[in-house]
Amino acid sequence: MYEHRHFGGVIVALTIPAIGLLAWIGGSIEPPTSPAAWIVWGVLVLVVAALFLFSSLSVRVDDVEVSVWFGPGWPRTTIPLGEIEGAEPVTRSWVWGYGLRWTPKGWLWRASGVNAVQIARRDGRSTFVGTDDPEGLTAAIRERIAA
């Protein structure tokens, strides 16, 4: 079985300063119960939630499926091995973004970096899994679908 956790350095690097800035702004708004303060604190909660959810990406390849999940286990997806046609290491521009998003070529799951593995499905769809170990993940998937 292959299992790997990729630290979301980009997401952490973007959210930590935002959290500090929002906390400073929220603490300086007078009166503290004004609508502007509530909005800033609400945005702060959303940024903290994003940090919690997307600070890492884990991948597991076993004899049945490929599982991919962020942080605490959600969001999560599984791809049965029987649906996988192949896997290739690829590079995807940072412009495609981070987190979970739809791209012109399929779903992208990425916490940091530009390296990914393209998992091609038999129905023509693709899923891109960001990783700092593209060769290891590709080899694990290829080994399991060949078995």
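**Entry 1. Nonpolar cores**

I began with the largest nonpolar core of this predicted model, which holds 23 residues. Val61, Val66, Ile119, Leu137 and Ile141 are the members that touch the most others. I then listed the elements that give two or more residues to this core: H2, S2, S3, S5, S8 and helix H3, residues 134-146.

I looked up Ile119 in more detail. Leaving aside neighbours within four places in sequence, I found Ile119 in contact with Val66, Ile79, Ile84, Gly86, Arg125, Ser126, Thr127, Val129 and Ile141. Val66 and Ile141 in that list are also among the residues of the core that touch the most other members.

**Entry 2. Helix H2**

I checked the length of helix H2, which runs over residues 35-54. At 1.5 Å a residue, its 20 residues should span 28 Å, and the C-alpha atoms at its ends are 28 Å apart, so the two values agree. Which residues of H2 are buried? I recorded Ala37, Val40, Leu44, Val47, Leu51, Leu53 and Phe54. An α-helix has 3.6 residues a turn, so residues three or four places apart point the same way. The buried residues of H2 pack against helix H1 (9-28), strand S2 (56-61), S3 and S6.

I traced an open sheet of 4 strands in the order S1-S2-S3-S4, with antiparallel pairing. Strand S1 (2-7) and strand S4 (76-80) are the edge strands, each pairing on one side only. From one strand to the next, the twist averages 10°. S3 and S4 are joined in the antiparallel sense over 5 bridges, and Trp69 stands opposite Arg76 in S4. H3 packs on the sheet and touches S1, S2 and S3. I noted that the direction of H3 makes about 30° with that of S2.

Within this sheet I examined Ser67, which lies in strand S3, residues 65-70. Is Ser67 buried or exposed? Ser67 counts as buried because its relative accessibility is 4%, below the cut-off of 20%. The side chains of Ser67 and Glu65 are joined by a polar contact of 3.4 Å. Not counting residues up to four places away in sequence, Ser67 touches Ser58, Val59, Arg60, Arg76, Thr77 and Thr78.

I placed Met1 in the segment before S1. Met1 counts as exposed because its relative accessibility is 66%, above the cut-off of 50%. What separates the C-alpha atoms of Met1 and Ala140, which are 139 residues apart along the chain? The separation is 7.9 Å. Leaving aside neighbours within four places in sequence, I found Met1 in contact with Arg60, Val61, Asp62 and Arg144.

**Entry 5**

I then followed the open sheet of 5 strands, whose order is S5-S8-S9-S7-S6 and whose pairing is mixed. Its edge strands, each with pairing on one side only, are strand S5 (84-91) and strand S6 (99-103). The twist averages 20° from one strand to the next.

I went through the pairs in turn. S5 and strand S8 (residues 115-121) pair in the antiparallel sense over 7 bridges, with Glu88 opposite Gln118 in S8. S8 and strand S9 (residues 126-130) run antiparallel and are joined by 5 bridges. Val117 has Val129 as its bridge partner in S9. The hairpin of S8 and S9 has 4 residues between the strands, and there Gly124 takes a positive phi near 95°. S6 and strand S7 (residues 106-110) pair in the antiparallel sense over 5 bridges; Gly106 in S7 is the bridge partner of Thr103.

**Entry 3. Thr127**

Finally I looked up Thr127, which lies in strand S9. Thr127 is buried because its relative accessible area is 5%, under the limit of 20%. Its side chain makes a polar contact of 3.2 Å with the side chain of Arg121. Leaving aside neighbours within four places in sequence, Thr127 is in contact with Ile79, Trp107, Trp109, Val117, Gln118, Ile119 and Arg121.

Notes
Residues numbered from 1 in each chain as written. Predicted model: local features only at pLDDT ≥ 70, side-chain atom pairs only at ≥ 80, totals over all residues. Heavy atoms only, no water. Pairing = 2+ DSSP bridges. Axes fitted to C-alpha atoms, helices over the stretch in contact; angles between N-to-C directions. Buried < 20%, exposed > 50% of the residue type's maximum accessible area, 1.4 Å probe, protein only. Polar contact = N/O pair within 3.5 Å; in protein donor to acceptor, adjacent residues only side chain to side chain. Contact = heavy atoms within 4.5 Å. Expected span 1.5 Å × (residues − 1). Core = buried A, V, L, I, M, F, W, Y, C linked by side-chain atoms within 4.5 Å.
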